[in-house]
Amino acid sequence: MTNSSRNNSEAGADREPTASEVMRAARSQLTELTGMHVESVSSFARTDEGWQLAVETVELARIPDTTSLLATYEVTLTTDGELASYHRVRRYERGRADPS
């Protein structure tokens, strides 16, 4: 490895992950830990401690799909994108809207 490529690699290791990298890491790590399919990331915020996301997952697939059970998980990642915690905050049927 040349000095310039080594310096570029070292510089890349020091940089903070981008928002899209954090979202991919959250999806991947939550899927690995829970075995549930992640549908989407519905909210995303940077905090002093890292990142906080709301992630929508399929908890129970049903036919028709509109009756599948989904859940919202609050996911916290460290500043370098490692999963620190998660917990379910909501469970609902796909075809039902929240009451106003």
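Mentor: A contact means heavy atoms within 4.5 Å. With that in hand, 38% of the contacts between residues at least 6 apart in sequence join residues at least 24 apart. Also keep in mind that this is a predicted model.

Trainee: What is the mean pLDDT of the chain?
Mentor: The mean is 87, and 86% of the residues reach 70 or more. Over residues 1–10, though, the pLDDT is below 50. That stretch has one contact in the model beyond near neighbours in sequence.

Trainee: OK. How many helices and strands does the chain have?
Mentor: Two helices and four strands. From the N terminus, the order is α-α-β-β-β-β.

Trainee: What share of the residues is buried?
Mentor: Buried residues make up 26% of the 100 in the chain. The accessible surface is about 6500 Å². Carbon and sulfur atoms account for 49% of that surface.

Trainee: Let's look at α2. What span should its 16 residues have?
Mentor: Helix α2 covers residues 19–34, and at 1.5 Å a residue it should span 22 Å. The C-alpha atoms at its ends are 22 Å apart, so the model agrees with the expectation.

Trainee: Which residues of α2 are buried?
Mentor: Val22, Ala26, Gln29 and Leu30. They sit on the same side of α2, because they cover an arc of only 100° around the axis.

Trainee: Why would residues a few places apart point the same way?
Mentor: An α-helix has 3.6 residues a turn, so residues three or four places apart point the same way.

Trainee: And which residues are exposed on the other side of α2?
Mentor: Arg24 and Glu32 are exposed there.

Trainee: What covers the buried residues of α2?
Mentor: The cover includes β1 (37–46), β2 (50–60), β3 (69–78) and β4 (83–93).

Trainee: What does Val22 touch, not counting residues up to four places away in sequence?
Mentor: Pro17, Phe44, Trp51, Leu53 and Leu77. Look at Phe44: it is 22 residues from Val22 along the chain, and their C-alpha atoms are 9.4 Å apart.

Trainee: What comes just after α2?
Mentor: Gly35, with a positive phi of about 80°.

Trainee: On to the strands. How many bridges join β1 to β2?
Mentor: Eight, and the two strands run antiparallel. A hairpin connects β1 to β2 through three residues.

Trainee: Which residues in β2 are the bridge partners of Ala45 and Arg46?
Mentor: Ala45 is partnered with Gln52. Arg46 has Trp51 as its partner. Trp51 also touches Val22.

Trainee: How many residues of β2 are buried?
Mentor: Nine of its eleven, so β2 is largely enclosed by the rest of the structure.

Trainee: How many bridges does β2 make with β3?
Mentor: Ten bridges join β2 to β3, again in an antiparallel arrangement. One partner pair there is Thr57 with Ala71 in β3.

Trainee: What about the loop between β2 and β3? Which residues lie there?
Mentor: Pro64 is one of them. The peptide bond from Ile63 to Pro64 is cis, with omega near 0°. Ser68 lies in that loop too.

Trainee: Ser68: buried or exposed?
Mentor: Buried, because its relative accessibility is 0%. Leaving aside neighbours within four places in sequence, Ser68 contacts Leu60, Ala61, Arg62, Tyr92, Glu93 and Arg94.

Trainee: Last pair, then. In what sense do β3 and β4 pair?
Mentor: Antiparallel, over nine bridges. Glu74 stands opposite His87 in β4.

Trainee: How many residues lie between β3 and β4?
Mentor: Four, and the two strands form a hairpin. In the turn, Gly81 has a positive phi of about 90°.

Notes
Residues are numbered from 1 along each chain as its sequence is written. This is a predicted model: local features need pLDDT of at least 70, side-chain atom pairs count only at pLDDT 80 or more; totals for chains, interfaces and linings use all residues. Side-chain values use heavy atoms; hydrogens and water are left out. Buried means under 20% relative accessible area, exposed over 50%, partly exposed in between (1.4 Å probe, protein chains only). Accessible areas come from the Shrake-Rupley method with a 1.4 Å probe; for residues, only the protein chains shown count as cover. The expected span of a helix is 1.5 Å times one less than its number of residues. The arc is that of the directions from the helix axis to the C-beta atoms. pLDDT is the predictor's confidence in each residue, from 0 to 100. Two strands pair if DSSP finds at least two bridges between them.
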